[in-house]
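Reader: Hey, can we go through this structure together? I'd like to start with some of the rings.

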Amino acid sequence: MPRRRALQPPHRRASAAIAMPLANLSISTPAAAPPPPLYLRRRPLIAAAALLLLLVIVVLAAAHPYGYAPWQTNAAPAALLGRPVSTRFYSFDLLREYPHDPYAFTQGLLYGGNDTFFESTGLYHRSSVRKVDLKTGKVLVQHEMEGRMFGEGLTLLNDKLFQVVWMKNEGFIYDRHNFSKRESFTHKMSDGWGLATDGKVLFGSDGTSRLYQLDPKSIQVMKTVTVKYQDNEVPYLNELEYINGEVWANVWQTDCIARVSHEDGLVVGWIFLHELRQHLWNSGNTEIDVLNGIAWDEENQRLFVTGKLWPKIYEIKLRPVDGPQDGSVEKLCPKASFYR
């Protein structure tokens, strides 16, 4: 699909803390002192009671597995209820880079085993489904789509490759061993952008904030969730990959990947990959487009990423980092900036 470009630099935020002063109390004594008031005679008892209460609080804090505070309720922590306690943020370490067809407008990418990928490419009259060698980047097998078709997301389930196309409610199913054996289907997503699977259902995106679950036999919509972060919808969900119980989504026109809980649509993590595209651009690859393409080698725990018209596929390892103190990622995930 046509891709627009924009310029927006990232920024960082900071916060400050405040401290509260304590006040002192002074009591004067008359020259001829009458018997002390009742509250003064009881001060030692009050002090002892306060000390005992403080000791109880300290003991409770040490014994309670989640800490203790007077304002806490007896509700179970969010983590025990299956909800993310806080969002995780990641940068990456570059492990290896591999050659990639610089004319491939990557729309779908998945690991096919034995150091191969299955890839769906886009653009009218240039769309295809292909099997690619990881180490050389060579296209081993390719099916060229009709000129009117704009290839999009791709996933593999039970030796069948499922593919959707842009601006149509259509898709195709290919035999992974013989691309000439294929059939078509229709779906009820608003559009076809990304596909992934957990081995049981298909996950689909349509370029909005919606994440669909589809029955792989009937292609009927089983469930739809709205992807949100800090109560705001996250639109432009693009290429998808299912990794360790989460759906990872390229967010179109950004250098960021959202890690999404498919149960409720909440974003539980963000991955920042700005340096990859910037390095390619600075190296003279000025025809590249946006980050798009996530592949997961589950057996060997390898993570690969690439982009549209990128000459490289990168194997990376995620590295946890401190995110913005307020959790906001709008300035860290702007529309992709292209430097000249």
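Reader: Okay, tyrosine 174: buried or exposed?

Author: Tyrosine 174 counts as buried, because its relative accessibility is 1%. Buried means under 20% relative accessible area, exposed is over 50%, and partly exposed is in between, using a 1.4 Å probe and protein chains only.

Reader: Before we go on, where do these values come from?

Author: This is a predicted model, so to speak of local features we need pLDDT of at least 70, side-chain atom pairs count only at pLDDT 80 or more, and totals for chains, interfaces and linings use all residues. Residues are numbered from 1 along each chain as its sequence is written, and side-chain values use heavy atoms, with hydrogens and water left out.

Reader: What about phenylalanine 203 and tyrosine 242?

Author: That pair is stacked, because the ring centres are 5.8 Å apart and the planes are at 5°. The pair links distant parts of the chain: phenylalanine 203 sits in strand β11 (residues 202-205) and tyrosine 242 in strand β16 (residues 237-243), 39 residues apart. Strands here are DSSP runs (E, at least two residues), numbered from the N terminus. Phenylalanine 203 is buried, with a relative accessible area of 0%.

Reader: Which rings link into a cluster?

Author: Tyr98, Tyr111, Phe117 and Phe304 do, through ring pairs.

Reader: Switching to strands: how many residues of β19 are buried?

Author: For β19 (residues 267-272), 6 of its 6 residues are buried.

Reader: Which way does β18 run against β19, parallel or antiparallel?

Author: Antiparallel: 5 bridges join β18 (residues 256-260) to β19. Two strands pair if DSSP finds at least two bridges between them. Isoleucine 257 stands opposite isoleucine 271 in β19. The two strands form a hairpin with 6 residues between them, and glycine 265 in the turn has a positive phi of about 85°.

Reader: And how does β1 pair with β19?

Author: β1 (residues 88-99) pairs with β19 in the parallel sense, over 3 bridges. Arginine 88 has glycine 269 in β19 as its bridge partner.

Notes:
Helix = DSSP H or I, 4+ residues; strand = E, 2+ residues; numbered from the N terminus. Phe/Tyr/Trp six-rings, centres within 6.5 Å; stacked < 30°, edge-to-face > 60°.
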